[in-house]
Amino acid sequence: MQRTEIATMGEFGLIKHLTKDIKHVQPSTKKGVGDDCAVMDFGSKKVLMTTDMLLEGIHFNLEYVPLKHLGYKAAVVNFSDIYAMNGTPTQITVSLGISKRFSVEDIEALFSGIRLACERYNVDLVGGDTCASMTGLTISITCLGTAAAKDIVYRNGAKLNDLICVSGNLGTAYMGLQLLERERIANAEQPDFAGKEYLLERQLKPEARRDILEALRKAGVKPTAMMDVSDGLSSELLHICTQSGVGCCIYEDKLPIDFQAAALAEEMNLNIVTCALNGGEDYELLFTCSLDDYEKLIPVDDLYMIGHITKPEYGCNLIGRNGEELTLKAQGWNAFQE
């Protein structure tokens with residue numbers, strides 16, 4: 001029997017392979033696999049659903065990740081998927097796989113972070129499951145949300161000449177991870193985090209960009225396509241372009257990069273542009289919108305226009321500071337990479 005290594009397909013290749021022949025039989029199913037959320041139609045409001053799993057040793061290291069922060073992050077990353085569809089998160093369920101080394105107090109700390117996230121984003125925790133684990137801690141959260149049909153934004157709506165926009169800054173969470181790993185490897189009793197607190201916050205306690213959606217609605221702007229930046233800007237932008245059947249052009253000098261991240265990248269001999277393109281877990285919103293909305297976008301705080309959509313035959317490219325053209329590649333997080 002033929003054996004194909006999962007790593008040869010990668011995460012999204014595996015998902016596509018497993019789901020390519022699935023046919024929906026429920027009339028309420030409007031969108032299945034292939035976007036930030038599934039979409040179901042149960043009446044005047046559409047229901048959005050997303051799920052995310054975090055595994056100890058793969059997605060987090062408890063040597064430097066506090067359990068309360070981990071709980072907060074596990075919830076927020078699911079909220080971010082709902083916001084990426086231009087929806088509002090409403091409920092979550094939480095399932096845990098727990099090994100014997102964790103106490104009741106440890107799980108209480110984890111749940112205190114989840115509950116804090118729910119309080120801040122007005123989301124109800126409505127159920128879940130727990131079971132024993134032989135491999136450490138596993139967290140699986142499913143989030144439901146709602147949106148009016150006219151408001152939902154998919155990945156496949158980008159059009160020729162649309163603007164490409166991103167919120168916040170890029171590569172910062174990745175640099176926070178590099179900082180934590182450096183101090184862990186150094187086994188320092190007193191880790192050197194002075195002046196780099198923002199990097200740690202971006203890695204350990206990210207926030208979903210509800211504020212950006214609120215600002216866009218106030219400005220009268222509806223994105224044509226949108227995702228959150230969880231696996232890296234290049235990967236997410238390529239998803240939008242592939243599903244929309246378009247190309248793109250972004251500019252190096254337009255990428256929003258934080259000073260602390262740039263300083264640490266130089267200190268660690270890393271290319272901050274590469275980190276901004278491929279570092280994951282920023283959970284910023286990446287979206288396209290009509291060129292007609294340009295004037296409306298200018299007053300929106302913490303929002304950056306980094307490029308535009310092109311014809312598909314032009315490909316997906318980054319224009320460097322000296323005018324050089326580089327092909328964008330999906331080099332962000334891959335769950336099954338060796």
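Biologist: Let's start with a cysteine: what is the relative accessible area of Cys131?
Modeller: This is a predicted model, in which local features need pLDDT of at least 70 and side-chain atom pairs count only at pLDDT 80 or more, while totals for chains, interfaces and linings use all residues. Residues are numbered from 1 along each chain as its sequence is written, and side-chain values use heavy atoms, with hydrogens and water left out. A residue is buried under 20% relative accessible area, exposed over 50% and partly exposed in between, using a 1.4 Å probe and protein chains only. Cys131 is partly exposed because its relative accessible area is 47%.

Biologist: And Cys143, is that one buried or exposed?
Modeller: The relative accessibility of Cys143 is 0%. Cys143 therefore counts as buried.

Biologist: How many disulfides does a search of the whole structure find?
Modeller: A disulfide is a covalent bond between the sulfur atoms of two cysteines. Here the test is a pair of cysteine sulfur atoms within 2.5 Å. Searching the whole structure, the number of disulfides found is zero.

Biologist: Which loop holds Asn122, with its positive phi?
Modeller: Most residues other than glycine have a negative phi. Asn122 is not a glycine, yet its phi is about 55°. Asn122 counts as exposed because its relative accessibility is 62%. Its place is the loop between helix H3 (104-121) and strand E5 (124-132).

Biologist: Where is Asn161 found?
Modeller: Asn161 also has a positive phi, about 75°, although it is not a glycine. With a relative accessible area of 45%, Asn161 is partly exposed. It is found in the loop between strand E6 (138-148) and strand E7 (163-167).

Biologist: At what angle do the axes of H2 and H3 cross?
Modeller: Two packed helices are described by the angle between their axes and the distance between the axes. Axes are lines fitted to C-alpha atoms, for helices over the stretch in contact, and angles run from 0 to 180 degrees between N-to-C directions. The axes of helix H2 (residues 67-83) and H3 come within 6 Å, and they cross at roughly 35°.

Biologist: How many nonpolar residues does the contact of H2 with H3 have?
Modeller: Contact means heavy atoms within 4.5 Å, and residues including Leu67, Tyr72 and Phe79 in H2 meet residues of H3, among them Leu110, Ile114 and Tyr121. Ala, Val, Leu, Ile, Met, Phe, Trp, Tyr, Cys and Pro count as nonpolar, Asp, Glu, Lys and Arg as charged, and the others, Gly among them, as polar. Besides three polar and three charged residues, the nonpolar count is 14.

Biologist: Is Lys46 buried or exposed?
Modeller: Lys46 is found in strand E3 (residues 45-55). Leaving aside neighbours within four places in sequence, Lys46 is in contact with residues including Val39, Asp41 and Ile152. Since its relative accessible area is 12%, Lys46 is buried.

Biologist: Finally, which helices do the buried residues of H5 pack against?
Modeller: In helix H5 (residues 197-204), the buried residues are Leu199, Leu200, Arg202, Gln203 and Leu204. They pack against H2, helix H4 (172-186) and helix H8 (259-267).

Key:
Helices (H or I, at least four residues) and strands (E, at least two) are DSSP runs, numbered from the N terminus.
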